[in-house]
Amino acid sequence: MLGFRHVMTMVFAVDEINRSKELLPGLTLGYRLYDNCGELVVGFSGGLSLVGGQEKQFVLQDDCVGPPPVLGIVGDSYSTFSIATSMVLGLYRMPIVSYFSTCSCLSNRKRFPSFFRTIPNDDFQVRALIQILKHFGWTWAGLLVTGDDYGVGVARAFQHQLAESGGGCLAYLEVLPWDNDTPDLQRIVNLMRTSTARVVMVFAHETHMLHLLDEVEKQNVTGLQWIASEAWSAATVLQTPRLLYYLRGTVGITIRRGEIPGLRDFLSQIRPDKHDDSEYSLVKKFWENTFHCRFAPLETGEVTCTGNENLTNVGTDFLDVSNLRPEYNIYKAVYALAHALHDLLQCVPGRGPFGGHSCATLQGLEPWQLLHYLQKVNFTTTFGDQVSFDDTGDAVRIYDVTNWQTLPDGQIKIQHVGDVKESALKGEELTLHDDKIVWGFGSKTPPQSVCSESCPPGSRMARKKSQPVCCFDCILCSEGKISNMTNSMECSSCPEDFWSSPQRDRCVPKKREFLSYHEPLGICLTSFSLLGTLICAVVLGIFIYNRSTPIVRANNSELSFLLLMSLKLCFLCSLLFIGHPRLWTCQLRHAAFGISFVLCVSCILVKTMVVLAVFRASKPGGGASLKWFGAMQQRGTIMALTCIQAVVCIAWIVSASPNPHKNMNYYKDKIVYECDIGSTLGFAVLLGYIALLAILSFLLAFMVRNLPDNFNEAKLITFSMLIFGAVWVAFIPAYINSPGNYADAVEVFAILASSFGLLVALFGPKCYIILLRPERNTKKAIMGRGTDKSHKHI
């Protein structure tokens, strides 16, 4: 019935053209109908008979006798049939306009120089389907094709274009058997059922789909999202309640729908007695199938066909012209040939396109001459569509996108939900109205069909071994790298001052780390620094208040006061190591540290030297040694020793100044702000000079450790230098191995520990006597067995 309506559409188009006063006026078109019966040999033979002069002779007038002048062919529907016919008829440059053959191979002008079509080729259809897959995010789909030129061409094009676009992968590719091969169909349907791909694309003819769906029904395979090619997306034979359960929600690429005014009236007036012999057999078969009757001869129980039955009273889809798709292409094909012939006849002699600017004549018209004009055809149908052909013989490429929906009465409605058309600038333009689509799963959202779930931001895709590119694992980006898009192939590194967030989806500023006043460690060290400064002030106050007592006077009160002041500076210089490093703090911290400690150790050294001089003066003939250690000499010695350290610090700062530095080597996710010492040599000289003075003080104090028991200053100095040396010897490896702000903390700790060690060791026993044992704060107690004369200068 569907094929018969195709035939009658062509007949209607020819009749309409013959009645037109604008197109081919005064000229009557004729036609000859051939049924290929679904067999290549039959269709091929019919085409050859048209150009081989094997048709019956006709007599139109006395002087017009001969075979029919065939100038063009409309057909065939199958790509394989069109290929075979076009390869032969192309040798004669016979124009062929197909309304249903979509194989992309037919666009090869070298092989098929006279082939045209009013339907887009499969390459465009494949690109359109890839656009749909991308639109719904379907990256994992199955593909079923037929084993003919149509299916093989589609499979090849789909694999190539899908790989180029990166829009997805094929879970499987299967060729449907040409006949009803049950074992092969069982295997294919079982593969569809077990595959993780929920989307199935089928490029097949109606017959193949019927066989496939029969097996789908047997295995009760549900939950699949069908994608239909133009070959079956509007097939009425599949729109049955039995198959609706499996096909509802199908999305299809459908031939452009058109309207043909007057076609329904023409179809409703068909009668067997109104057609000649070439059409009578077709009309007769249609009539018998429609009204369930037979023309003579009759068999027992059969109803006689009168030929007067009314088509409008029969429930048939034959008169339904609301969804004209292949018929609309047939209509355009007939009109394309008619317009080409019309343009040919409008040629002005002397301005023609052929040799010598000649024109073709109707009496001697050759097919290749009509072919020239057919290539340049350009007209607009009554429906508003433009018809023209490109250099490959393809018409303007456009498809409708349809959706199979269920009506309340259980019938299927082919709902138009969008279109896809070719744009010269943008390629394929897909327009979809998602709100109009009804899915077959009872869901308002499209199904998911992916091999692997999308990798969220913060991860990258890692392809699974021996699997398609759509099958992958999601690997979390490594530290310092991010991905801020879904399905990123690579993770990008953050800028130098930034680090990846815990989710690895963005770069965040690295944490700034330094020994801060606001963190517990910084607060603790600051507190001890201020405490040491306070203790020094208290001890200084005690010594000043008791400056006239023997214990203070016996310990060289001026040096004791200066030593306390230098210890206070040592405590305070530790504060320069806390807080955000600045240029001035970096330059000042080591200079203040070096000078303060040299001043402190210098005082101790001079005090030790005075003790040594007193010890020697207590022996016979040793009094002359004290003249070298008067008050001026003591001050000068301390000043000279301190100035040497000051010169070292100035040279260091001038030659290789310490400066703030952002260290990114300790931690990957942190920036450690520290002071670059600038010159390791300068720092080594500074520490070495302090160590030299401390060692001298220790050696001298050790030499006089055997002073009378009650006079224990030398022992105190010896003990204090041991503490001082132990602290700084331990400091060096701890400082080198401490990362970041802990290096500053170690240095501050060493400063505070050595300062507290000196303070406690040198002044603790004296304060104990002054405050708690005042009875021992007498000259007699201090002198012990010595005489007042021998110690008058202490």
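Phe593, Phe597, Phe724, Trp728 and Phe731 are linked into a cluster by ring pairs, where rings of Phe, Tyr and Trp (its six-membered ring) pair if their centres lie within 6.5 Å. The model is predicted, so local features need pLDDT of at least 70 and side-chain atom pairs count only at pLDDT 80 or more, while totals for chains, interfaces and linings use all residues. Residues are numbered from 1 along each chain as its sequence is written, and side-chain values use heavy atoms, with hydrogens and water left out.

**Aromatic pairs**

- The count by this rule is 30 aromatic pairs.
- Phe124 and Tyr399 form a stacked pair (planes under 30 degrees apart), with 5.9 Å centre to centre and 15 degrees between the planes.
- This pair links distant parts of the chain, 275 residues apart: Phe124 is in helix 4 (residues 122–136) and Tyr399 in strand 13 (residues 398–406).
- Helices (H or I, at least four residues) and strands (E, at least two) are DSSP runs, numbered from the N terminus.
- Phe124 and Tyr399 are both buried, that is, under 20% relative accessible area with a 1.4 Å probe, protein chains only.
- Tyr150 and Phe203 are both buried.

**Helix packing**

- The axes of helix 15 (residues 557–573) and helix 20 (residues 741–771), lines fitted to C-alpha atoms over the stretch in contact, come within 9 Å and cross at roughly 160 degrees.
- Helix 15 is therefore roughly antiparallel to helix 20, a term for angles over 145 degrees.

Notes:
Axes are lines fitted to C-alpha atoms, for helices over the stretch in contact, and angles run from 0 to 180 degrees between N-to-C directions. Angles under 35 degrees count as roughly parallel, over 145 as roughly antiparallel, 65 to 115 as roughly perpendicular and the rest as oblique. Rings of Phe, Tyr and Trp (its six-membered ring) pair if their centres lie within 6.5 Å; planes under 30 degrees apart count as stacked, over 60 as edge-to-face and the rest as tilted. Buried means under 20% relative accessible area, exposed over 50%, partly exposed in between (1.4 Å probe, protein chains only).
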